Amino acid sequence: MAALKEKLANEPHITSLPHVDIHEHEFRKGVYKVTEGVFIAVGYALANSICVETKTGLVIIDTLEDVGAAREVCKEFKRLTNNKPIKSVIFTHAHFDHTAGIRGFIENEKEEPTIYLHEDCMRHESWNVSFKYGIGARSLRQFGTLLNHQVPHSKQKNWYKNAGIGASLNLASVLNEDREIIQEFEHSAAGLHLFKPFGESHSFYQDEIKFEMVAAFGETDNQILIHVPAKSLLCPGDNIYRSFPNLYAIRGVEPRNAYAWYKSIEKMLDYVQRHNIQHLAPSHSRHVVGYQNIMDVLMVYRDGISFVHDQTIRLLNQGYSQEEIVAEVQRTKPAKLFQHPYLLEYYGTIEWGVRAIFMKNMGWFSGKVDDLFPCSKRMKSAGMVELVQFMQNQASEANGPSVAEHMVKYIEMTNERKKADQLDTSKYTRDDVNRWLLELTTQVMMNEDSERVRELRYDIIRDMASYQTSGPARNYLLSWWLEEKYDLELKGSGNFSMKDIILSRPVEWTLVTLPFHVHPAKCREVMENSSGMITGVIELCDVKQVFRVRLKRIGVMQMTPLKDGYDVNDASIDWVLRTNEMTLKHILTDDKPRGDTQAQPEETGHMIPRVRTGSGGLISVLFGLIASKRSEKNGLVKGKRKAMQFFSCLETKVISKL
């Protein structure tokens, strides 16, 4: 063991970015007063614990992951509140770092407290048991547990900083420099008989103080927000912390629902506005005080997630791969927004977020033919060695063929060897070679496209299709070959009637997807000299639905149903369109109104094709109603110029083929 210590002493000091060093201050250990009768414990473990004092007892929100740390925090909470008993506990969600310290809080209580939690928490706990060993090692790496607790010199050499959203995950044993155990962490689980689960919402009173709990899915599908009106307090759980959110945890989880996450933040914004909330106490990082500060943090967080989610959906609908979307989102992201401390990548990253959103909506397959059967790392390694050897043997002339030409010759040679059954089958199979050669043709075509390479590519694709057992695999490969070679595109849809679907489904279903069509570059160009935001109202009079749409110069849109109506003369509203749901449906389908509907055909302008479907078609219809010379008759009440600017920032392009 001493030898390891000495070896590690010779390893280098690892530098860190200045803002990463500063971020450590976020987790300074201590119990802080949020407001009268509300305390937050930070830096004792990975998560925070929050205490709300009532007349006769305490309500604890989240209990850390470590019983020892929980005892320490509980002792401090009791000291600050004249040793009042803990009467209730609330779990903001089911994660280990919020629940496993429960014994440290309740072991000495004369009466067992009730534990409130979302009803899905038990399913989450059961599901985690199935993957305990699969994600265990990855979790320890993600949170730096080995670095922090068991590696000599780790802190002196700046290897371990923090866990991104907390000081440390107290999980594995702590070792000294001789790798002897000096501290064991204890974890616990509450008895099921203490649980009081709920669904969408639940409220309870402890003494005179009301606790409102509402489902607000985001980091988990059992996340809740907690509103304590008497304390002007909102507890968001893990739906906000001082870092870009972890839309995918590299420890191994199902990708988080980014859309649900930012809609939950909109729910919090509504709470803050309606109740003039002054205190935000998250379950990770420090609390925020002051109405405007809270609004600013929540809006920045909402816009950051929205930009990454909505742009990923926009681009995947155009056939972009994960790698292409990552690059485009990074290129077009509004720099000022993503320089905000709450969107710096201390925990989650934009790249992981894009990949998670793609995966959640489209699965692992990019849609590109060379990704259908990816080449293994083993085959790539062997293939690269062969390719380099081949190129070295060919590099006899100073001004000989280009690197791309050598690669093409190598593909041709290997493909011919494959056809002649001259492969070394002890190293790789025919399928291994096809996957490798198909990937190489993609690489060559990205730099130097030619008919010669394409014909090689088609030959490889056809060969791969010939030995597929799976019907979908064979169909996909051969369809791609013909589409790419002959520029084919599917025409018609048989007897499937989009008209029936459009006429029988609410327009709202399509309307809510407008944020997925925002083009960031167009927003910045169109709104360069404006206030930075265009706000409109779309009213569907026949179904009594009203939607406010806010488009920001940074390239995000927020759509909110207005339950209480609106004032058309409100100076903050730039444009208003009043139309009917059936009017939009009939324009989309080029159908005439039937029955007793009051909808009438409107003059729609030159922008609308005869028949359009989906959100792209709806954008064209709405733009046409506004752009028409008879826009007032079409229902535009105010703000034609602003409305046209608004819709010119949206694009209708969707994928027809890859």
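In this predicted model, the crossing of helices α9 and α10 is left-handed. Helix α9 covers residues 258-275 and helix α10 covers residues 291-316; the two pack at an angle of about 160 degrees, and their axes are 9 Å apart. Angles over 145 degrees count as roughly antiparallel, and α9 and α10 are therefore roughly antiparallel to each other.

On the α9 side, the contact is made by A258, Y259, W261, Y262, I265, E266, M268, L269, V272 and Q273. On the α10 side, the residues in the contact are Y291, I294, M295, L298, M299, Y301, R302, I305, S306, H309 and D310. Sorted by class, the contact of α9 with α10 has 15 nonpolar, 3 polar and 3 charged residues.

Helices α9 and α10 also take part in the second largest pocket, as both give two or more residues to its lining. Which element gives the largest share of the lining of the second largest pocket? Helix α9 does, with 12 residues. The second largest pocket holds about 1,000 Å³ of space and is lined by 36 residues. Of these, E266, D270, Q558, T560 and P561 lie nearest the centre of the pocket. E266 is also one of the α9 residues in the contact with α10. By class, the lining of the second largest pocket divides into 17 nonpolar, 6 polar and 13 charged residues.

| Helix pair | Angle | Axis separation | Handedness |
|---|---|---|---|
| α9 and α10 | about 160 degrees | 9 Å apart | left-handed |
| α11 and α13 | roughly 135 degrees | within 9 Å | right-handed |
| α14 and α16 | roughly 65 degrees | within 10 Å | right-handed |

Helix α11 spans residues 322-332 and helix α13 spans residues 350-362, and their axes cross at roughly 135 degrees. That makes α11 oblique to α13. In this pair, Q322, E323, I325, V326, V329 and Q330 of α11 meet I350, E351, V354, R355 and F358 of α13. The contact of α11 with α13 has 6 nonpolar, 2 polar and 3 charged residues.

L344 is found in the loop between α12 (335-338) and α13. Which residues does L344 touch, leaving out those up to four places away in sequence? They are H19, S243, F244, F338 and Q339. L344 and S470 are 126 residues apart in sequence, and their C-alpha atoms are 44 Å apart in space.

The last pair is helix α14 (residues 377-394) and helix α16 (residues 430-447), whose axes come within 10 Å and cross at roughly 65 degrees. That makes α14 roughly perpendicular to α16. The contact is made by R378, M379, K380, G383, M384 and L387 of α14, together with D432, V433, W436, E439 and L440 of α16. By class, the contact of α14 with α16 has 6 nonpolar, 1 polar and 4 charged residues.

Note on methods: Residues are numbered from 1 along each chain as its sequence is written. This is a predicted model: local features need pLDDT of at least 70, side-chain atom pairs count only at pLDDT 80 or more; totals for chains, interfaces and linings use all residues. Side-chain values use heavy atoms; hydrogens and water are left out. Axes are lines fitted to C-alpha atoms, for helices over the stretch in contact, and angles run from 0 to 180 degrees between N-to-C directions. Helices (H or I, at least four residues) and strands (E, at least two) are DSSP runs, numbered from the N terminus. Angles under 35 degrees count as roughly parallel, over 145 as roughly antiparallel, 65 to 115 as roughly perpendicular and the rest as oblique. A crossing is left-handed if the near helix is turned anticlockwise from the far one by less than a right angle, and right-handed if clockwise. Contact means heavy atoms within 4.5 Å. Ala, Val, Leu, Ile, Met, Phe, Trp, Tyr, Cys and Pro count as nonpolar, Asp, Glu, Lys and Arg as charged, and the others, Gly among them, as polar. On a 1 Å grid over the protein atoms alone, a cavity is a set of points where a 1.4 Å probe fits but cannot get out, and a pocket is an open set with protein on both sides within 12 Å along at least five of seven lines; lining residues have an atom within 4 Å of a point. Grid points are joined across faces, edges and corners, and a volume is the space filled by probe spheres set on the points.
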